[in-house]
Amino acid sequence: MNRRRHATAAITVICALTVLASPALTLQAAAAPLPPPAPKKSLEEVRKEMDDLYRQAAVATDAYNLAEEKTREQSAEIVRVARMIVEGREKIEDLKARAGAAARAQYRNGGLPEDAKFVLTDDPQLFLDTAGRLKAGAKATTDLLGEMNRTQAQLDVYAKDAGLNWTKLESHRVRQAQAKKEINDKITAAKKLESALAAEERERLRRLEEQARNRAQTTWLGTGVLDGLKGDTTAAAKKAIAFATGQIGKPYEWGAEGPSSFDCSGLTQSAWGTAGRPIPRTSQEQWRLLPRVDIKDMRPGDLIVYFKDASHIGMYVGNGTMVHAPRPGRNVTLAGAGSMEILGVVRPN
């Protein structure tokens, strides 16, 4: 009993001390300094951050478009291989039927081909007449077996190719899914930055973007880069320009190739496709694979590639101007050809 009384008393004391200490702890916690609020970003900082996010989205868009193009190519290759497998199997069945017919005929003749019976005749002339046919028949049988073996070997190769193509197809689909997620994440982050601004601030942000482009264009023109630049071009380039400028006002949409919306490389590819010149799907592939020209030799219809990662592209239309699909939230428009950092120029024809 004494032990119980002592234990009860101890617990009572601990509880009392806890109650007495609580206000002090509360006061101490309340007195702790709060972390300082994060400094508000300037509009110029917001503009640069949004530009960076949209640039990253553009790079991911190129990755998506390339993966989509490879997926289409791989799907077409799988269909082609599948048809070849079907044709090969049909050929094998035909060869087997022919070989079976020959075997059945030999069985009916007591294990001897029909021509072999004539070889065993006592008639010399009949022997000579049929000996050649017997030799030809033997060669035909050998050829038949050889063709069966070759066809079967081809089927084995086709089956292996089909497996490899399926693996590649799945790999491209994974890349597509990853790129799609990154695109949406970057665009969402950029839109979140802009939506946090008041209406007046968003208008000022647009003016800042325009001023930055105008400064870059003025600096570019000030180098004399257009001095002596000729305005003549080809008939195909004129068709491409007419198509591209005809899309002005249509919205940017990543992965889009028209007709109601475009991304930057979707616009240039569609324009030159209309002119009869197929070109790669992405801005990076257009930069990598199309012939390059010096800016001093640039002519209308040429494509101007922007930024070190070739993440943007537009079409030069003359007089220092290009047409392009800028970014999400913007429409196809005319802009100064030097309003962004130029990587180089390529010529589709």
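The model is predicted. Its protein chain has eight helices and six strands. Along the sequence these elements run in the pattern α-α-α-α-α-α-α-α-β-β-β-β-β-β. The chain has 349 residues, and 35% of them count as buried. Among contacts with a separation of 6 or more, 67% are between residues 24 or more positions apart. The chain exposes about 21000 Å², and carbon and sulfur atoms supply 58% of that area.

The largest nonpolar core holds 39 residues, and the members that touch the most others within it are Trp272, Leu303 and Met315. Two or more residues of this core come from each of helix H2 (43–108), helix H4 (124–195), helix H6 (235–245), helix H7 (264–274), strand S2 (303–306) and strand S3 (312–318). H2 provides the largest share, eight residues. A second, separate core has 13 residues, including Trp220, Leu229, Val293 and Tyr316.

Leu303 shows how the largest core is connected. Leaving aside residues up to four places away in sequence, Leu303 touches Thr268, Trp272, Ile279, Gln286, Leu290, Ile313, Gly314, Met315, Gly344, Val345, Val346 and Pro348. Trp272 and Met315, named above with Leu303 for touching the most other core members, are both in this list.

Asp263 lies between H6 and H7. Is Asp263 buried or exposed? Asp263 counts as buried because its relative accessibility is 1%, and the cut-off for buried is under 20%. Not counting residues up to four places away in sequence, Asp263 touches Thr61, Asn65, Tyr252, Glu253, Trp254, Gly255, Ala256, Arg281 and Ala325.

Which residues lie nearest its centre? They are Asp51, Arg213, Pro326, Arg327 and Met340, out of 35 lining residues. The elements that give two or more residues to the lining are H2, helix H5 (199–222), H7 and strand S5 (333–336). H2 gives the most, with nine residues. By class, the lining is made up of 14 nonpolar, nine polar and twelve charged residues.

Note on methods: Residues are numbered from 1 along each chain as its sequence is written. This is a predicted model: local features need pLDDT of at least 70, side-chain atom pairs count only at pLDDT 80 or more; totals for chains, interfaces and linings use all residues. Side-chain values use heavy atoms; hydrogens and water are left out. Helices (H or I, at least four residues) and strands (E, at least two) are DSSP runs, numbered from the N terminus. Buried means under 20% relative accessible area, exposed over 50%, partly exposed in between (1.4 Å probe, protein chains only). Contact means heavy atoms within 4.5 Å. Accessible areas come from the Shrake-Rupley method with a 1.4 Å probe; for residues, only the protein chains shown count as cover. A nonpolar core is a set of buried Ala, Val, Leu, Ile, Met, Phe, Trp, Tyr and Cys residues joined through side-chain atoms within 4.5 Å. On a 1 Å grid over the protein atoms alone, a cavity is a set of points where a 1.4 Å probe fits but cannot get out, and a pocket is an open set with protein on both sides within 12 Å along at least five of seven lines; lining residues have an atom within 4 Å of a point. Ala, Val, Leu, Ile, Met, Phe, Trp, Tyr, Cys and Pro count as nonpolar, Asp, Glu, Lys and Arg as charged, and the others, Gly among them, as polar.
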